[in-house]
Amino acid sequence: MTDAPAQRSATAEFCLGVRHELPLQLGVIPFGLVFGILGLASGLTSLQTILLSSILFGGASQVVFAQLWAAGVPPLIVGGSVSVVNLRHVLYSASMAQYLAHLPLRWRILLGYLLTDEAYAVSIKRFQDGPKTRYQHYHLLGSGMTLWVAWQISTLVGVIAGTTIPESWSLSFAIPLTFIALVAPSIRRRADLVACVVAAVLSLICQPLPWKSWIIISALGGIAAGWMTHYHTSKNTPTDKNPRPR
Amino acid sequence: MIWLVMVMTGIFTFGTRFVMLTGWVARGLPKWLIDALGFVPIAVLTAIIVPAVLIDPATEQIIVTHNARLHAAIIATIVALLTRNVIATTCSGLATLWVLQWWL
């Protein structure tokens with residue numbers, strides 16, 4: 001750790017991670033602001049809203065948590081729904097494993113905690129395309145910490161501003177709009193469309209069910225429908241030349 | 001109670017990010033599971049979007065006509081498909097909503 005060139009290359013890799021992550025904060029900071037406002041509006045205390053951003057550290061799952069908690073949903077359903085929302089991280093973890101598995105445990109814990117959508121997106125690209133150095137994991141540290149700091153500060157500002165922004169601005173509607181920005185371009189295959197439509201229909205017809213269980217039911221239903229369509233189409237076309245890149 | 005749920009879901013979420021870095025799952029995930037997990041974002045986010053757009057928070061009924069949020073969502077979807085930009089999508093949707101709510 002004391003030799004200067006190695007230290008420099010670790011620092012350089014960290015800074016590169018920061019630089020790659022910064023443009024994505026254009027989308028992250030408004031979302032954090034809105035979450036801060038929404039958390040208070042949902043009846044969470046300032047402290048709970050702020051700490052949720054570091055304990056859960058995942059935008060969509062924090063929104064689901066706040067909305068379900070506000071609606072008085074039983075804790076087990078809240079936990080189950082939030083967990084389903086975050087299941088996708090297993091994929092990130094799996095694809096990062098080959099680059100991080102050799103690291104000491106404390107590194108893997110830290111980088112695992114920082115492994116969010118946005119940090120994954122930029123760092124997996126660097127790991128795949130960049131030089132294979134001993135210090136490449138510093139890139140994920142840089143991108144992950146950039147996102148973490150931006151997310152905490154924007155949540156905090158949102159909590160402070162939340163009391164002053166009038167309800168009539170409908171700022172909480174920014175959250176489904178952000179999700180539209182993520183979902184619409186990601187529908188590329190027929191199976192994606194099926195997952196989307198089934199989840200949409202279930203989310204409406206399951207509304208009368210107790211405990212807001214429509215979230216978890218429509219999510220699982222959409223996943224199952226998409227998977228079955230994918231399985232069916234890939235069985236009929238054995239040369240599937242368009243596997244999903246992630 | 002809320003703190004307990006926050007911490008438990010936090011631990012679970014950390015678990016989803018950390019599990020494959022532990023080395024316990026030596027051969028990686030089976031292909032069917034990877035395929036299924038690939039549909040998580042679309043299914044989950046759609047399930048959050050659609051009721052937020054179509055269900056009137058006051059009456060808890062589905063509203064299609066005279067629904068400013070539906071128009072905002074349609075504009076946002078078009079902008080999302082054209083630009084693939086989160087800021088442009090969110091701003092266009094909010095702007096549509098404000099115009100419809102306040103000036104019409």
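1. A residue is called buried when its relative accessible area is under 20%, exposed when that value is over 50%, and partly exposed in between. The model is a predicted one, and within it A:Cys15 has a relative accessible area of 41%, so this cysteine is partly exposed.

2. A:Cys196, by contrast, has a relative accessible area of 14% and is therefore buried. The structure holds zero disulfides over all chains, and for A:Cys196 the nearest cysteine sulfur, which belongs to A:Cys206, lies 16 Å away.

3. Turning to the interface, chain A brings 80 residues to the contact and chain B brings 63. The area buried between the two chains is about 6200 Å², and carbon and sulfur atoms account for 80% of this area. On the side of chain B, the residues B:Arg17, B:Leu21 and B:Phe39 supply 14% of the area that this chain buries against chain A, which is more than any other three residues give.

4. As to polar interactions, the count of salt bridges between chain B and chain A is zero, whereas 11 residue pairs are found in polar contact across the interface, both residues of each pair being at pLDDT 80 or more.

5. The elements of chain B that give two or more residues to the side touching chain A include helix 1 (2–18) and helix 5 (86–102), while helix 3 of chain B gives the most, with 15 residues. By residue class, that side of chain B divides into 45 nonpolar, 13 polar and five charged residues.

Terms used. Residues are numbered from 1 along each chain as its sequence is written. Chains are lettered from A and ligands numbered from 1 in the order in which they are written. This is a predicted model: local features need pLDDT of at least 70, side-chain atom pairs count only at pLDDT 80 or more; totals for chains, interfaces and linings use all residues. Side-chain values use heavy atoms; hydrogens and water are left out. Contact means heavy atoms within 4.5 Å. Buried area is the accessible area (1.4 Å probe) that two parts lose on being put together, summed over both. A salt bridge is a side-chain nitrogen of Lys or Arg within 4 Å of a carboxyl oxygen of Asp or Glu. A polar contact is a pair of N or O atoms within 3.5 Å; within protein, one must be able to donate a hydrogen and the other to accept it, and residues adjacent in sequence count only if both atoms are side-chain atoms. Helices (H or I, at least four residues) and strands (E, at least two) are DSSP runs, numbered from the N terminus. Ala, Val, Leu, Ile, Met, Phe, Trp, Tyr, Cys and Pro count as nonpolar, Asp, Glu, Lys and Arg as charged, and the others, Gly among them, as polar. A disulfide is a pair of cysteine sulfur atoms within 2.5 Å. Buried means under 20% relative accessible area, exposed over 50%, partly exposed in between (1.4 Å probe, protein chains only).
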